[in-house]
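Me: Hi! Could you walk me through this structure with me asking questions as they come up?

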Amino acid sequence: MSMKEKASIIQSKKGWKNPGVWISFFLLLLAAAAWIYPFVWMISGSFKSNLELLNKGLNLIPEALDFSAYHRAWVDAHFDTYFLNSVITTAATVLIVVIRCSLAGYVLAMYEFRGKTLIMTVLLVTFFVPTGTTLIPTVSLSSDLGLLNTRTGLILALAGGGQVASIFLYKGFFEQTPRELMEAAAIDGAGFLKIFTSVMLPLTGPITATTVVMTFMGAWNNFMLPLVFTFSNTSLRTLPVGMMVFSRGDTVDYAGQCAAAILSITPIVVLYVFCQKYFVSGIAGAIKS
Amino acid sequence: MSRQRSLRRSKTPYGWIYLFLAPTLILFTMYTLYPIGATVWYSLTNMRSFTSKNVRFVGLANYLLLFQDKQFLNSLRVTGLFMLIVVPARFLLSLALALLLNWKRCKWKTFFRTIFFLPVLTTSAIIGVVFIMLLDPTMGPVNVILEQLGLTEWASLSLLGTASTALGTAGVIWVWKWLGNSLIYWIASLQSIPEELYEAAKIDGANSWQTFKSIVTPLLLPFAAIILVLTVSDAIRVFNLMLTLTNGGPFYATETVEVFIYRHAFQSTSPRMAYASAAATIFGLFFMVIVIAQRAVTSIFQKAGK
């Protein structure tokens, strides 16, 4: 902790005497209550019985702790399968994106070559193409290649479309890396691949962490692609698709839906708690480029 | 410049370069470039489904039909209206909260930021399902709260199931979901303003409002323009939330362009791929025009800022 931070903590301890501090704190608390309420309601609902939930009460404390909703969501509503599908799909997508974006970012940053301007222009122009525009041919191409209704097809579509921001993130990072490192390794006899894997790639720690969390969030929460990729193969549904199907089922199980929602968001909330810094830098990156 | 020249003189390892680019180029071609071209091509044919035989070129017929289709025009109107409701709300509310959170004397900063970020972490499908329950007039707590606040007219209403309130309600939920994202944009922008400037203003005897008006605002303008572009582009692509929350209903009151495309391509028992592709092409163009126009405005602001 720097002196400046210490000083600001001491200063802020005194701060409670200031009415402005109280007012702004109260306003933030009020807003935070509105933001947290749906989550608290969801947690409370997941421990209630459906009967109690239907009773229209505002009471957030369940009459009795009922864990059966978790069992119904996990087993009867197949969230065990959906969860596993989300884990596999997300992990594979993250792996592909990190590999392909670091490779592309590296050569785009370090070398001048024929076709570079064209590649850069195309990447920039298509940066803002919405999924709605590309969805139909993506499905038809996948269908032609036998990839529709397969996990591989879904992963390729998730990892293949867009991700331009990650390429530019790596490119920007490698441009700032001193070339002397490369040259020194080359003098030591390291080849192209060796320089990349053992000298340059290990330096990308924070960039890779940012790419991992942003891709994780994008893939874990993606809805449109898993939805159209699992129409005819329900055993491949991911959590978001499973959630919609569950809510539109024949029997309405509100408590079960709450439990399923909690199960679905827990992994990403845990990831956020441990990697907050990278979420922030990933999102803030959008306004700095 | 000299560095570039020396690189050009040394032998460029083309083999490695293209090998490194290969995964990106192949996937990018398959999932971005080809689909853009194919969408335009499909839109000029009479293709009904992926298995259609005898697909013919029909010129602009789909586009002519589209612009006479009341439902398509409605989806454009819904998308535009939604944008007008949510963009200013998300933009200004997040700015206000960011100013509070960026204040040196603000307490529990990380705690608040985490709370506002929770909905950003949560997939729209879950947000949709949970809000359907929260807003259910027979069991949800929102109607009970409205009743206790004395808003009896609203309390008996299904806010998502009534055509006149559904879009506004979806807008409130959307702002709630994405505010934490804008908050991070604004805080990062505010933190790029050097501390010394605030101190200098204080020494000169400026109060908070004067500081905000003459120091923060001009430095924030270029960032504000970018945040506006990002917010608008998010608002236009509101598909996930609408599909899970209302599925475009009731009576198409919340059917945005992307939901319209999805309905014709994937939800109908007699799909109309070519027709949906024409809508997708127009949507892509509409989107690009707005983004490019805003980029132009942004660069004007940035020049003015310098």
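Me: Great, what kind of model is it, and how are things numbered?
Reply: This is a predicted model, where local features need pLDDT of at least 70, side-chain atom pairs count only at pLDDT 80 or more, and totals for chains, interfaces and linings use all residues. Residues are numbered from 1 along each chain as its sequence is written, while chains are lettered from A and ligands numbered from 1 in the order in which they are written.

Me: How is chain A divided into domains?
Reply: Chain A has domain 1 (19–66) and domain 2 (77–288), with bounds that come from an automatic or database domain assignment. Taken over C-alpha atoms, the centres of the two domains of chain A are 33 Å apart.

Me: How does H2(A) sit against H15(A)?
Reply: The axes of H2(A) and helix H15 (residues 254–288) of chain A come within 7 Å and cross at roughly 120 degrees. Axes are lines fitted to C-alpha atoms, for helices over the stretch in contact, and angles run from 0 to 180 degrees between N-to-C directions. H2(A) is therefore oblique to H15(A); angles under 35 degrees count as roughly parallel, over 145 as roughly antiparallel, 65 to 115 as roughly perpendicular and the rest as oblique.

Me: Which residues of H2(A) make that contact?
Reply: From H2(A) they are A:Met42, A:Ile43, A:Gly45 and A:Ser46, and they meet residues of H15(A) including A:Tyr254 and A:Cys258. The residues of this contact of H2(A) with H15(A) divide into eight nonpolar, two polar and no charged. Ala, Val, Leu, Ile, Met, Phe, Trp, Tyr, Cys and Pro count as nonpolar, Asp, Glu, Lys and Arg as charged, and the others, Gly among them, as polar.

Me: Over to chain B. At what angle do H9(B) and H11(B) pack?
Reply: Helix H9 (residues 163–191) and helix H11 (residues 208–236) of chain B pack at about 160 degrees, with axes 10 Å apart. That makes H9(B) roughly antiparallel to H11(B). B:Trp178 and B:Trp186 are among the H9(B) residues in the contact, and B:Phe223 and B:Asp234 are among those from H11(B).

Me: What about B:Thr256, buried or exposed?
Reply: B:Thr256 counts as buried because it has 31 C-beta neighbours inside 10 Å. The cut-off for buried is 20 or more other C-beta atoms within 10 Å, with exposed at 12 or fewer and partly exposed in between, using C-beta atoms placed from the backbone. B:Thr256 lies in the loop between helix H12 (240–245) and helix H13 (257–267) of chain B.

Me: Which residues is B:Thr256 in contact with?
Reply: Leaving aside neighbours within four places in sequence, B:Thr256 contacts B:Ser75, B:Val78, B:Thr79, B:Phe82, B:Val238, B:Phe239 and B:Met242.

Me: Last one: how many residues does each chain put into the contact?
Reply: Chain A gives 73 residues and chain B gives 78 residues. The chain A side that touches chain B divides into 51 nonpolar, 19 polar and three charged residues.

Note on methods: Two residues are in contact if their C-beta atoms, placed from the backbone, lie within 7 Å. Helices (H or I, at least four residues) and strands (E, at least two) are DSSP runs, numbered from the N terminus.
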